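The sequence and the model are shown here for reading side by side.
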Amino acid sequence: MEKINTEVIEKLRCLIADSDPQAIYDFIDHYQPIDFAEIVEELDDVEISSLVRLLDDNRLASLMEESDDDERIRIARTLDNRRLMTAFEYMQKDDIVDMLGDFPILRRKEVLRLMKSSDQTIINKLLNYPEDSAGGLMTTDYIALHDDLTVEDALDVIRRTGPKTDLIQTIFVIDDKRKLIGTVSLKSLLVASKTSLIRALMDDQVLSVNPETDQEEAARIVARYDLDVIPVVSRSNQILGIITVDDIIDVIIEEYNEDMLQLAGVNVEEKLDSTWRESLRMRLPWLLINLVTAFLASFVVNLFQNTIQQVVALSAVMTIISGMGGNAGTQTMSILVRTLSQKDLRWRDALPHLLKEIVVGVLDGASCGAVTAVVVWFMYHNLYLCLIVVLAMIGNLFVSAVFGFLVPVILKRCNQDPAVASSIFVTTATDTLGFFIFLGLATLMMPYLLR
């Protein structure tokens, strides 16, 4: 897509002002739907209201499907319920559910009352699933065929229902109780004999998830087995819906962003345009927790106040030790958080990896300690201080390896998200123990430092 600039926005504004639907359609056709949705985000509410009046239902549905949650609601505010219902005819059920889930309760009920009873049942069922579950992610637009159909009959069904279905490359095969028993590709049907039965062509090895399955687990299965779609089934294996790969990609991006924000202590709900009160409410608790851990490190330093007073150089060097420990711990922790987001790590499998991280930590500590010792030598010309630096660096990077590895694993075993709280525990360990190791060694070797 060409870069969105002021000229592009102004061109769309002029077209809206001219009230020429065909000119707007030509403008839209120049862009991918997602790119056009980003352009519309730059319009104010009055301009959006004028735009949607000029769009046909199909293009309006496409715009709402590609817009983010906040933008969908902004568009929906400009529409009356009847117009919204006609646009819904062109939208996938999962996108409709996403929109309705963000509606005020009163309007949601008004819109649901306008739907056909069959659609009401489906939408209400989907709305009851948690937003971050497979049930909340799935769509009910799929093709399921009975296993006793011939290829010719199956293709007839696909021709009738295909235009209203999001995905037709994979056909789901069910028995007379609607239990999922296999899948068959559209390609297989097209090249098979017309008289062949579906059951003879289907693949009965089907991976599926339950509606209560966390969306992250569903995404992990799709990524692991390179699937284009994964069915959602009930406990009795009746097919309820499907999750397509485009929704899985959205989940992967969402979970990645969530983990990165949580590692930094930022609430996933906070955005750049959040009010200062919202940002304060979401950030302050995390900072207060970190403040408590900072006091713990400060308490350790205070225990060695007499040592620091006798050798002032220690105060300048100890921050290097703790800082390097924190950096190394973050490296190990980040690798573990990423690994645990993709698969579980059993204790017996974890031990060799832990030993490797300890070896890496010790070697990194020796290397960084040696470099630091050279600099310290030129600054203070004290061989014993250099020796303390090397030993303390090795010790603190050993600590960072152990805690950076074990903290995420333990949190995961306790059914806690390792991305949320790992950094607090790892930073506390490397700061507190880093100061303790360094200043403890300095206290033991005080007679040599004072020479």
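The questions and answers below go from the whole chain to single residues.

This is a predicted model, in which local features need pLDDT of at least 70, side-chain atom pairs count only at pLDDT 80 or more, and totals for chains, interfaces and linings use all residues. Residues are numbered from 1 along each chain as its sequence is written, and side-chain values use heavy atoms, with hydrogens and water left out.

Reader: How many helices and strands does the protein chain have, and what is its radius of gyration?
Author: DSSP runs (H or I of at least four residues for helices, E of at least two for strands, numbered from the N terminus) are the basis. They give 23 helices and five strands. The globule rule (2.2 Å times the number of residues to the power 0.38) is compared with a radius taken over C-alpha atoms. For 451 residues the rule gives 22 Å, and the protein chain is well over that, so it is more spread out than a compact globule, with a radius of gyration of 30 Å.

Reader: How far apart do the C-alpha centres of domain 1 and domain 3 lie?
Author: The domain assignment, which is automatic or from a database, gives domain 1 (6–127), domain 2 (144–264) and domain 3 (276–450). The C-alpha trace of the protein chain spans about 95 × 60 × 40 Å along its principal axes. Between the centres of domain 1 and domain 3 the separation is 51 Å.

Reader: Which residues does UniProt list for "transmembrane region", and how far apart are the end C-alpha atoms of residues 386–411?
Author: UniProt positions are in the numbering used here, with shortened feature names, and annotations may be inferred rather than shown by experiment. The unreviewed entry lists 284–305, 311–337, 358–380, 386–411 and 423–450. Residues 358–380 are 100% helix and 0% strand, with end C-alpha atoms 31 Å apart. Residues 386–411 are also 100% helix and 0% strand, and their end C-alpha atoms lie apart by 37 Å.

Reader: Is F304 buried or exposed, and which residues does F304 touch?
Author: F304 lies in the loop between α17 (276–303) and α18 (305–310). Buried means under 20% relative accessible area, exposed over 50% and partly exposed in between (1.4 Å probe, protein chains only), and F304 counts as buried because its relative accessibility is 12%. Contact means heavy atoms within 4.5 Å. Not counting residues up to four places away in sequence, F304 touches F436, L439, G440 and T443.

Reader: In which loop is N237 found, and what is its phi?
Author: Most residues other than glycine have a negative phi. N237 is not a glycine, yet its phi is positive. It counts as partly exposed, at 30% relative accessibility. N237 is found in the loop between β4 (229–233) and β5 (239–244), and its phi is about 70°.
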